[in-house]
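This report looks at selected packing features of the structure shown below. Please keep the sequence at hand while reading.

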Amino acid sequence: MKQLVTTIIAVTAAVVMSLSATAADKLKVGFIYIGPPGDHGWTYQHDQGRLAMENTLGDQVETMFVENVPEGPDAERTIERLARQGTGLIFTTSFGYMDPTIKVAKRFPEVKFEHATGYKKADNVSTYSSRFYEGRYVIGQIAGKISKSGTAGYIASFPIPEVVRGINSFLLGAQSVNPDFKLKVIWVNSWFDPGKEADAAKVLISQGADIITQHTDSTAAIQVAEEKGVYAFGQASDMAAFAPKALLTSIVNNWTDYYIARTQAVLDGSWESTDTFGGMDMNMVRMGAFNNMPDDVKAMAEATTASITSGELHPFAGPIFAQDGSQAIGEGEVLDIGTLMSMNWYVQGVDDQLPQ
Amino acid sequence: MTGLEAFVLTVITASTPFLLAAIGELVVERSGVLNLGVEGMMVMGAVCGFGAAHLTGSPWLGVLAAILAGAAMALLFGFLTQILITNQVATGLSITLLGLGLSGLIGSNLVGLPGEKMQPLNVFGLNEMPILGTLVFGQDPLVYISILLTLGVAYFLYRTRAGLIVRAVGQSHQSAHSLGYKVIAVRLSCIVFGGCCAGLAGAYLSLSYTPQWIENMTAGRGWIALALVVFSTWMPGRLAIGAYLFGTVWILGLYAQAWGIGIPSQFLSSLPYLATIVALILISTNRRLSVVNTPASLGQGFVPDR
């Protein structure tokens, strides 16, 4: 019932489109969003990228977006409609738009497509994603230094490789400064449910976690941390305004540079199908301001950020032990990209059983 | 604060929005009207409550605005279904859709603003008392209001003449009409009451539970409230049990994960629904009581035959 209704709502929302004035000679660039631009998280950052791109390229482009587009058949219809309206470039900004994007791209070979966080490419479809786990390693280190109880609480959304990778990276970061660091995980099975995220934060705090971090999209958990006097980290967007005392830093997704570069490539006629997996080195993952922490911790976080950016440090460098105690990789090795992309196991120290 | 106390506090805050929204809908359905717009009225309450509290700095004015917003949405529903006799299911769904869209529009400038959190009561300074102090005397005012509302609705439906008329209208609008009761007026008042309660539930979300405005922040709670009304067989006492049971299992599921027991989280997420349905089916085994309490003309439009 709830599912059905959510779909009905989302379909209707998809119909409400934002269109600016049309002009024939401009390049029209379309964006498909999974949530509202006002979510202050994932979609907000994509929309910031769109606005910055529009600002930079000025008269040459015209952008339009459709928000709250559910993943699945409705996405295909919405993408197709954007393509029919004469757009030259379409960014589809959620994992579940992968197959719809590929399908529509086949029917519109002259339109360029860019799909975020997926793995299927075509001649006119590029993929792009960010190494968010690099930021999670940095906040893990900070947590390892700041936490008094040696336990952090992690509010997770769905057990997919990206989320598991984030959990592991966070814990590896924490264990690099405190080998006994423990992590409690609560799966809320939703990307966005402020009430449930807040409840999960309260439960984690009452179970001894004095640092809260999340892989969900609302700011509710951070506010609970502020109220209960524990620390927290922001997700996707700089969330400092929501918890001035509790927020240590945020992992910020920055799509601006990428959107400008790709749109410019279409304008120049140099666009090619590519696969981008950018991290701190490409400025696609950034750290927010480091607040509420002693100077030595701040210096450590800045140094770690710098060495990840330069490529000197890899969050998944060995030795790494899996949760059951077996050794995943030895000293001097780095987990390969294939393992990272399909990660479905925890590292040692996670106080949870991974839902399969 | 002991672990148990923290647990009970979390349960109370999680259960209250369900109870607030559901108790209003219970009265609406008792009068024979099915309003599927609870989610929409709730989310409108949440945005208007947050906005008014932010502008005026007073959470209580926020609560008032939320109630009015819920009532306005309900009045629209009432006008369409009672005066124009539109289909109640379709109209209710469109009220939900309208509410979700309109609240996003109204709230577009409110996203990311700090909220005015409603302060908990401190009745006679008694919340300093050990163990029961905070639990009994230190809650948010809206928690007490939700309990008083439930008691009030139970008293109204079973102990007052007006409550009897509401039940009669829900049971058979033709008979009630023949006896000279104003079916449409009774139903409209119930619909507006339901809207006020849904608005209040929204205010609880945006002023107390998670004091901020985020689009679609009700996240389906209105639908759960609707389901609770049906499973409680339209009885206020059972509704309160259902709402608190749902909240308890919901929070227990989160605890079970934090303890690392190893039950799949997807199962834990669905457990509140299962547990509530099973429990309410068990207490509804008295067939006669259930039949007596089911509004027979639920969802049917009424056209007076002059």
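## Helix H6 of chain B

In this predicted model, the buried residues of H6(B) are Pro141(B), Leu142(B), Val143(B), Ser146(B), Leu149(B), Thr150(B), Val153(B) and Leu157(B). They are covered by elements of chain B that include H1, helix H3 (59–83), helix H7 (161–171), helix H9 (183–209) and helix H11 (236–259).

Helix H6 of chain B runs over residues 141–159, and because its 19 residues should span 27 Å at 1.5 Å a residue, the 26 Å between its end C-alpha atoms agrees with that expectation.

## Nonpolar cores

The largest nonpolar core has 100 residues, and those with the most contacts inside it are Ile155(A), Ile186(A), Ile212(A), Trp213(B) and Ile251(B). Helix H1 (residues 3–30) of chain B gives the most to this core, contributing 14 residues.

Apart from neighbours within four places in sequence, the contacts of Ile186(A) include Tyr154(A), Ile155(A) and Val203(A) in chain A, as well as Leu254(B), Gln257(B) and Ala258(B) in chain B. A second core, separate and of 67 residues, includes Ile139(A), Phe181(A), Val266(A) and Ala301(A).

## The sheet of chain A

In chain A, seven strands make up an open sheet with mixed pairing, in the order S12-S10-S9-S8-S6-S7-S15. Strands S12 (285–287) and S15 (350–351) of chain A are at the edges with a single partner strand each, so one side of each has no neighbour in the sheet.

Strand S7 (residues 182–187) of chain A pairs with S15(A) in the parallel sense over two bridges, and Leu183(A) has Val350(A) as its bridge partner in S15(A). Helix H6 (residues 161–175) of chain A packs on this sheet, and its direction makes about 160° with that of S7(A).

Notes:
Residues are numbered from 1 along each chain as its sequence is written. Chains are lettered from A and ligands numbered from 1 in the order in which they are written. This is a predicted model: local features need pLDDT of at least 70, side-chain atom pairs count only at pLDDT 80 or more; totals for chains, interfaces and linings use all residues. Side-chain values use heavy atoms; hydrogens and water are left out. A nonpolar core is a set of buried Ala, Val, Leu, Ile, Met, Phe, Trp, Tyr and Cys residues joined through side-chain atoms within 4.5 Å. Buried means under 20% relative accessible area, exposed over 50%, partly exposed in between (1.4 Å probe, protein chains only). Helices (H or I, at least four residues) and strands (E, at least two) are DSSP runs, numbered from the N terminus. Contact means heavy atoms within 4.5 Å. The expected span of a helix is 1.5 Å times one less than its number of residues. Two strands pair if DSSP finds at least two bridges between them. Axes are lines fitted to C-alpha atoms, for helices over the stretch in contact, and angles run from 0 to 180 degrees between N-to-C directions.
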